[in-house]
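This report examines selected features of a two-chain model. Please keep the sequence and the structure in view while reading.

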Amino acid sequence: MIEFQHVKKVYDDGFQALKEINLEFKKGELTVLIGPSGCGKSTTMKMINRLMTPSSGKILINGKNVSEQNPVELRRNIGYVIQNIGLFPHMTIGKNVAVVPHLKKWDKAAIDKRVDELLRLVNLDPEVYRDRYPSELSGGQQQRIGVARAFAADPDVILMDEPFSALDPISREQLQDELIRLQEELNKTIVFVTHDMDEAIKIADTIVLMKDGEVIQTGSPERILRHPANDFVRTFIGQKRMDSETSIDIPIVDEVTVPNPVTIFPSRGLAEAIKMMERRKVDSLFIVDRQHKLQGIVSIYNVLDQYGEENKTVKDVMKPIGYLVRPGTPLPDAVKMMSEHRLTNLAIVDDTGKFVGLITRGSVVKHLSEVYPSIVDSLANTFGEEA
Amino acid sequence: MGNYQWTIADLLSYMGRNSDLLWEYFVTHVIMVLAGVGLAFVIGVPLGVLCSRNEKLARSILAVTSTLQVIPSLALLVLLMLAFGLGTTTVVVGLLLYSLNPIVRNTYVGLKQVNPSYVEAGRGVGMSPMQLLFKVRFPLALTYMLTGLRIAAVIAIGVATIAPLVGGDGLGREIYSGLNGQNPLRIYAGAIPAALLAIVADLVLGALQRRLNLSERKSSRNGSKKEPSASPTV
């Protein structure tokens, strides 16, 4: 579908941004270009729609050399999602989505129909959002529009340049999920640039790992995880938690929490508690009040003991919390506490009594497996003995 | 003027008696200003675009336009009179040269401050350079360009009052007649409308600028006006 043949890029000052790139992006696949900043991943992507020009070599789309095509026409047939603020602030959402169909001179009825269709596709109600301006939308919604715009003229190829990197983690997850869903539906050839390995693993069909203007390894996420080509790939895969060198030395409890600890309000009934445990697949719930202050913990046994009494709430059967830690506590202290008192989990509570996080044996082990691949075995054994 | 006492009522009755002539002066005044500033806009905006493309060119163009503006207006008009002779042409060319600096400079600054990622997005979706200019860069530089126009208009309205010295018309004629005849009524009858014209131009262009600025960045008010059904849903 898209082919790079001996592509090089040398800047005027002699800097070699790309050294001999040979790549193939397969039709209908989502290929992620990933690497540390300055590795040439964005440059590589921007050559596809001629926002950048190679110094030598050829880039073919469906066998046709892009440098022989009119750049303006070429770009109208390639969707493009820019890093963060790609929406035009002076145009409504509807106009923003319609930019490419408009440039391609579709008739008005067709454009209007397409805009509504696309807004629905990215889960935004056209009636509500069509006539709003980008500044009235949240970051996540704006980037959803950015994605919709790229799909607008139904191009075969879509380029995405770190589209979700400026979003908060929750919106980012949502948009990744949506992109996967869209891709399953529409099967476009997508080239996606990111520096986030988690993102790449989550969405990619094929990962292309780059460094200093060279392709280091190409393959499916599974393959790259199982068979990293060299030490660079190995560190890059595990890099997320190693971003700051200091955190390797003494991680704090805040870094090792479970993503969404399951909490329940004190006034809830016992049947509700059981239902929630069942749904979230846990055996105990943390009880927090409306101010998010931690009140106690209730396990499935506490609930079942008293289940017959319909008027009881979780407040009546909960147990006080025996052990907790403050945010910022070094992980070794917390681990020691869990180990000594045979705790399966440990709540993190701030000075005002608010429940801010939860570490479990699972989350500790997961953290260790990411940070200390070599010594995880010995540590896991220690936990095993305690359990 | 000395011992001659006059009141506002005298002024008003004078203006009422001579309303036809004053109106004619007023209209020619406005036409001269529109012609001068309009031409400056037509020439200045492309120059501003040119400046935004090339820093070296920008420096020389802006040096010329700001030098033009530093020349005292009377001196400039007299110099132009040598070339264009007595008459309205000289005045319009003078106003054009005076208005050039604020318009070129603000166009240049306005285009420069457009966030490059919008330009890249425009290029990325396949806009030609012209479409990029008219659909993205101008709209996002519009408030700056209007500031230039506003400054130019206010200056031009003032400078146009000295038009009669080089054979032009306008409210200046009434002012100079008043000066020559030592008649303060006539001076005021020319000066007050000129001042009001400048103030109104400033207010109108200022209001326009605010409205356009609003639609550019935060437009919930605009949006809900157009689409009242949209707001309650959220």
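## A strand pair in chain A

A:I2 stands opposite A:I61 in strand β4 of chain A. The two strands concerned, β1 (residues 2-10) and β4, run antiparallel and are joined by five bridges. The model is a predicted one, and the pairing described here is a feature of that prediction. In general, the strands of a sheet pair through backbone hydrogen bonds, in either a parallel or an antiparallel sense.

β1 and β4 belong to an open sheet of four strands in chain A, with the order β2-β1-β4-β5 and antiparallel pairing. Strands β2 (16-25) and β5 (64-65) stand at the edges of this sheet; each has a single partner strand, so one side of each is left without a neighbour in the sheet.

## The surroundings of A:I61

A:I61 is part of strand β4, which covers residues 56-61 of chain A. Is A:I61 buried or exposed? A:I61 counts as buried because 20 C-beta neighbours lie inside 10 Å, and 20 is the number from which a residue is called buried.

Apart from neighbours within four places in sequence, A:I61 is in contact with A:I2, A:V66 and A:V157.

Most residues other than glycine have a negative phi. A:H6 has a positive value, near 50 degrees, although this residue is not glycine. A:H6 is placed in strand β1 of chain A. It is exposed, because 11 other C-beta atoms lie within 10 Å and a residue with 12 or fewer is called exposed.

A:K281 is another residue other than glycine with a positive phi, here near 55 degrees. A:K281 is found in a loop of chain A, between α13 (270-280) and β12 (284-288). With 7 C-beta neighbours inside 10 Å, A:K281 counts as exposed.

## Strand β15 of chain A and its partners

Strand β15 of chain A covers residues 345-349, and four of its five residues are buried, so the strand is largely enclosed by the rest of the structure. Which strand runs parallel to β15(A)? This partner is β14 (residues 324-325) of chain A, joined to β15(A) by two bridges. Within this pair, A:V325 stands opposite A:I348. Together with helix α16 (residues 331-340), β14(A) and β15(A) make a right-handed β-α-β unit.

β15(A) also pairs with strand β16 (residues 355-360) of chain A, in the antiparallel sense and over five bridges. A:I348 has A:G357 as its bridge partner in β16(A). β15(A) and β16(A) form a hairpin with five residues between them. In the turn, A:G353 has a positive phi of about 90 degrees.

## Chain B: helices without strands

Chain B contains ten helices and zero strands. Of its 234 residues, 38% count as buried. Among the contacts in chain B between residues at least 6 apart in sequence, 72% join residues at least 24 apart.

Helix α2 of chain B (residues 19-53) has 35 residues and reaches 50 Å from its first C-alpha to its last, close to the 51 Å expected. α2(B) bends by about 25 degrees at B:G44, and a proline, B:P46, follows within four residues.

## Recorded spans and a buried valine

An unreviewed UniProt entry lists residues 21-50, 70-98, 140-167 and 187-208 of chain B under "transmembrane region". How far apart do the end C-alpha atoms of residues 70-98 of chain B lie? They lie 9 Å apart, and the span is 83% helix and 0% strand. For residues 140-167 of chain B, the end C-alpha atoms lie 41 Å apart, with 71% helix and 0% strand.

B:V91 lies in helix α5 (residues 88-112) of chain B. B:V91 is buried, with 33 other C-beta atoms within 10 Å. Not counting residues up to four places away in sequence, B:V91 touches B:M32, B:L77, B:A160, B:A163, B:V166 and B:G168. B:V91 and B:P164 are 73 residues apart in sequence, while their C-alpha atoms are 9.0 Å apart in space.

Definitions and conventions. Residues numbered from 1 in each chain as written. Chains lettered and ligands numbered in written order. Predicted model: local features only at pLDDT ≥ 70, side-chain atom pairs only at ≥ 80, totals over all residues. UniProt positions renumbered as here; feature names shortened; annotations may be inferred. Expected span 1.5 Å × (residues − 1). Bend = angle between axes of the 7 residues up to and from the residue. Contact = placed C-beta atoms within 7 Å. Pairing = 2+ DSSP bridges. Right-handed = clockwise from strand over helix to strand, strands pointing away.
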